[in-house]
Amino acid sequence: MKLVTNKKVGDYSYLFFSIIALLPIIFLFIEGKDIPQKDIESWTFVLNDVVPGLLKNSFQLVILSIIGSSLIALPLAFILELTDIPARKVWNVTTVLPLAFPLYVLAFIYVGFFEWAGPVLTFFREAGFDTLGNMKFKNAFGVAFVFSLGLFPYILLPIRLVLKKVDFKLYQASRSLGKSDGHFLKKVLLPLCMVPMFAGCTIVGMEVMADFGAVSVFNFDTFTTSIYMAWSSLFSLGSATRLSLMLLTFSLLLFFLESHISKRQVPLISNESQEAFFKLKLLPKMAALSFLGIVTFFSLILPIIQLVLWSYHAWKNELSANYFSLIKNTLMLAFSVGGSILIISLILVYAERNKHHKRWLPLFRSFFLVGYALPGNIVAVGVFLLFMNILGTSPMEMGLALVIIGLTYRFLSVGHRTISPTARLINPNFEKASKSLGKKRWTFIFKVWLPFLRGNAIYAFLFVFVEVAKEMPLTLMLRPIGHDTLSTKIYELTSEGEWERAALGALFLVILGMSTVLLMSLKGENHAEGH
Amino acid sequence: MKYLSIASILLFTAYAQAKSLTVYTSRKEHLVKDIFKTYEKETGVKINYKTGKAGALIQNIKAELKDPKVDIFMTVDAGNLWYASSEGLLESTKSDVLTSHVPAHLRDRDNRWFGLSVRARTTVVNTNLVKKGTNISYEELAKPEWKGKLCLRTSKKVYNQSLVAMLIGTHGYDKAKSIVKGWVANKVDIFSNDTNVLKAVAAGQCAVGIVNTYYFGRLIKKQPKLPLAIMWPNQKSYGVHINVSGAGIVKNSKHQEDARKFLEWLASDEAQKQFAQVNMEYPILKTAPQTDIVKSWGEFKPNTAFNLTDAGKLQKKAIKLMHEVGYK
């Protein structure tokens with residue numbers, strides 16, 4: 001009897017959380033629902049003239065970015081997880097570090113490189129290659145190039161987590177049946193990678209659709225730039241929320257597609273530490289190393305060199321700015337939000353266990369995603385309106401709590417998604433066994449459940465930490481007076497085109513992100529070795 | 001003794017609280033910080049401020065309207081100021097100082113906002129590609145002889161929306177449309193900011209670009225040898241399009257009196273000098289001195305016939321127009 005009650009309580013608390021997750025958006029749409037007479041003209045214009053182009057642009061961009069990041073991530077995952085590639089520990093780190101770059105920083109760096117007046121095309125023209133020297137970079141392919149470089153780790157990491165758990169015996173079995181390595185790759189490993197790859201692609205797709213900064217640098221119109229245009233230039237919050245609703249619909253479609261596919265997860269888990277499946281010969285080894293080298297060069301080394309050069313030029317002017325307090329504020333925000341998301345995600349994932357047969361689950365899970373799928377400034381308005389209605393006064397009086405809640409709401413799904421797939425691999429019988437042995441529920445949670453999820457929890461915290469440090473529009477709007485962060489400082493300078501001066505802040509941000517990534521990946525590895 | 005000191009501290013805090021103003025501004029921190037400090041030093045009134053994007057700040061003010069935490073809204077571009085006032089967020093301010101210091105075309109007709117510095121949206125040319133003394137105007141740039149020679153900033157920037165709004169106000173919708181259509185036909189590329197427009201002009205990707213004066217000032221200060229020069233447009237007609245950065249007092253502000261004093265101070269000789277200097281803009285006050293760099297650009301005829309309030313009113317039309325002719 002007690003068991004039933006517990007289950008129900010779990011269900012109710014889950015419903016409670018997911019409905020809370022919907023509130024800001026509900027308030028946003030209440031606010032935007034009635035389009036005032038004076039806005040009707042704006043909305044008609046947006047709907048008839050702007051939206052068709054946006055659909056084409058967004059679709060094109062999402063597809064190209066997903067293809068681009070998968071083309072980088074899939075081979076990398078195989079090389080790093082299944083072969084005896086030299087210096088794997090170094091590559092493990094360099095392939096995660098690109099996450100530390102805000103996309104708008106990468107975008108600016110690459111537009112700077114590949115613009116007509118930039119060094120690369122100038123070089124080509126001077127060398128006499130006029131076709132190359134007049135190449136256009138500011139188009140869908142250029143944006144997708146930047147997104148792929150900045151977002152591929154989101155696909156790489158989940159694939160690696162699955163490949164790590166593939167049983168070596170499967171391979172031996174395949175060999176003993178006389179099947180070739182290629183056959184094993186095609187028939188076993190690739191299908192196995194499809195689920196995590198699709199999960200990663202969904203994240204990439206949403207990041208792409210919710211990005212504002214990078215597409216602005218390219219002057220490439222997407223939903224976010226038009227939402228911003230409707231809001232701040234046409235002054236029509238109604239049109240902006242309607243556009244947001246469309247954007248949200250597409251993100252939810254992606255999400256449901258993904259949760260439909262990930263149901264077909266085949267557990268082939270082994271907890272044994274594994275050796276390399278494939279020993280590479282010289283030529284493939286060279287090819288693999290050059291691939292790793294090229295990816296690392298473009299996603300990491302080149303951008304860092306550019307930031308360092310810019311910072312060097314702007315160093316003296318910018319030093320007076322109070323970077324110490326900016327760093328402190330950034331860290332504080334990232335830690336609080338990272339921590340609160342980790343705790344909430346674990347509670348949610350725990351409540352979700354054994355419920356994967358339930359039909360309502362994907363629907364309610366999708367509510368947590370809402371904050372992530374929309375551009376930050378729209379989410380900020382929603383959170384703002386919610387608390388304004390609850391408190392009956394300006395939510396700014398909540399101080400830091402407001403921005404922490406806002407960011408937690410925005411990135412909750414990042415934490416949740418990172419932990420949830422692995423949690424599904426825990427066999428429900430473990431819990432039953434633990435109970436039948438008379439162990440308390442807490443014993444099971446702390447001795448079995450949490451340790452199993454530790455690797456994912458670390459990744460979840462890391463992802464959120466880096467996302468929060470990079471986040472700009474929501475922080476900018478909801479932060480209390482005086483609580484500037486590195487990203488708001490970068491915004492200040494970049495919106496005026498002062499990239500050299502912004503570089504110092506960006507560099508700090510990237511270093512901050514990278515040290516977190518380094519720390520976490522070291523921890524992650526110690527943990528793996530400890531088993 | 002102990003109690004006395006506590007009491008005096010309390011008194012002091014109460015005093016300090018009474019004498020403070022809060023400013024929401026879309027101006028960048030490094031452009032306003034020092035001038036706020038100067039005011040604090042001179043008057044003891046503490047200026048708290050929060051920076052952000054104009055749209056978000058306006059949303060904040062709207063939400064707080066019944067019980068505002070903010071006294072002054074300060075932003076760039078008349079379009080933003082117009083919107084804030086048209087939404088009823090700004091208080092009409094009676095001040096002889098402000099009305100005498102700020103020329104009529106640079107402030108709201110009902111005195112809800114006042115321009116505090118002026119920037120001109122001028123044409124800048126590559127001196128190797130455009131001869132000195134060439135007749136240049138916004139209208140001229142639409143003609144076929146400029147084909148493949150024009151660089152523009154994105155139409156999403158409010159500066160260009162105001163410029164096109166001015167063209168609509170001056171010529172009517174259809175004529176303005178044919179002008180902007182001509183620009184699009186002549187353009188080589190569109191950039192996300194003015195600095196990149198200037199760099200493209202300097203590199204010879206195009207011969208002319210339309211930018212705000214201070215962006216030119218900043219770039220040329222860093223790289224004086226670039227083959228760039230300001231060529232004031234429309235000097236034989238209505239004059240170069242200008243815009244302002246400005247401010248107004250927030251409706252229901254609890255410190256109207258102090259806020260008005262602060263605005264008056266910002267429009268005064270001394271503050272004007274600092275305010276304009278820090279961003280290489282033009283002071284609103286004729287008597288305030290210009291910096292040497294700004295002076296070196298020479299005298300020009302500004303467009304005084306166009307009241308900037310109309311830039312806000314016509315902004316939606318401008319956006320529609322630019323979309324229709326494919327100006328991205």
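This is a predicted model: local features need pLDDT of at least 70, side-chain atom pairs count only at pLDDT 80 or more; totals for chains, interfaces and linings use all residues.
Which elements of chain B do the buried residues of α7(B) pack against?

Residues are numbered from 1 along each chain as its sequence is written, while chains are lettered from A and ligands numbered from 1 in the order in which they are written.

Now the answer. The buried residues of α7(B) pack against β6 (150-153), α6 (158-171), β7 (187-191) and α14 (315-324) of chain B. Buried means that 20 or more other C-beta atoms lie within 10 Å of the residue's own; exposed means 12 or fewer, partly exposed is in between, and C-beta atoms are placed from the backbone. Those buried residues are B:A176, B:K177, B:I179, B:V180, B:G182 and B:N186. The helix covers residues 173-186, which is 14 residues. From first C-alpha to last, α7(B) reaches 20 Å, close to the 20 Å expected at 1.5 Å a residue. That expected span is 1.5 Å times one less than the number of residues.

Next, chain B as a whole. Chain B has 14 helices and 11 strands. These are DSSP runs numbered from the N terminus: helices are H or I with at least four residues, strands are E with at least two. Of the 328 residues of chain B, 54% count as buried. The C-alpha trace spans about 85 × 40 × 30 Å along its principal axes. Take contacts in chain B between residues at least 6 apart in sequence: 78% join residues at least 24 apart. A contact here means C-beta atoms, placed from the backbone, within 7 Å.

On to the domains. The assignment for chain B gives domain 1 (2-118 + 243-289) and domain 2 (119-241 + 302-324). Such bounds come from an automatic or database domain assignment. The two centres, taken over C-alpha atoms, are 30 Å apart. Each domain of chain B gives 17 residues to the contact. On the domain 1 side, α4 (78-86) and β10 (241-250) of chain B give two or more residues. The largest share, five residues, comes from α4(B).

How many residues of α4(B) are buried? Eight of its nine. They are B:A78, B:G79, B:N80, B:L81, B:W82, B:Y83, B:A84 and B:S85. Just after α4(B), B:G88 takes a positive phi of about 75°.

A quick look at a strand. β9(B), residues 228-231, has a covered face with B:L228 and B:I230. Its uncovered face has B:A229 and B:M231. Strand β5 (residues 114-126) of chain B pairs with β9(B) in the antiparallel sense, over four bridges. Pairing requires that DSSP finds at least two bridges between the strands. One example: B:V125 has B:A229 as its bridge partner in β9(B).

Last, the two chains together. 30 residues of chain A are in contact with 39 residues of chain B. Elements of chain A that each supply at least two residues to that side include α2 (37-82) and α17 (376-391).

From chain B, look at B:A63, in helix α3 (residues 54-63). Why is B:A63 counted as buried? Because it has 21 C-beta neighbours inside 10 Å. Leaving aside neighbours within four places in sequence, B:A63 is in contact with A:F384, A:M388 and A:S394.

Key
Two residues are in contact if their C-beta atoms, placed from the backbone, lie within 7 Å.
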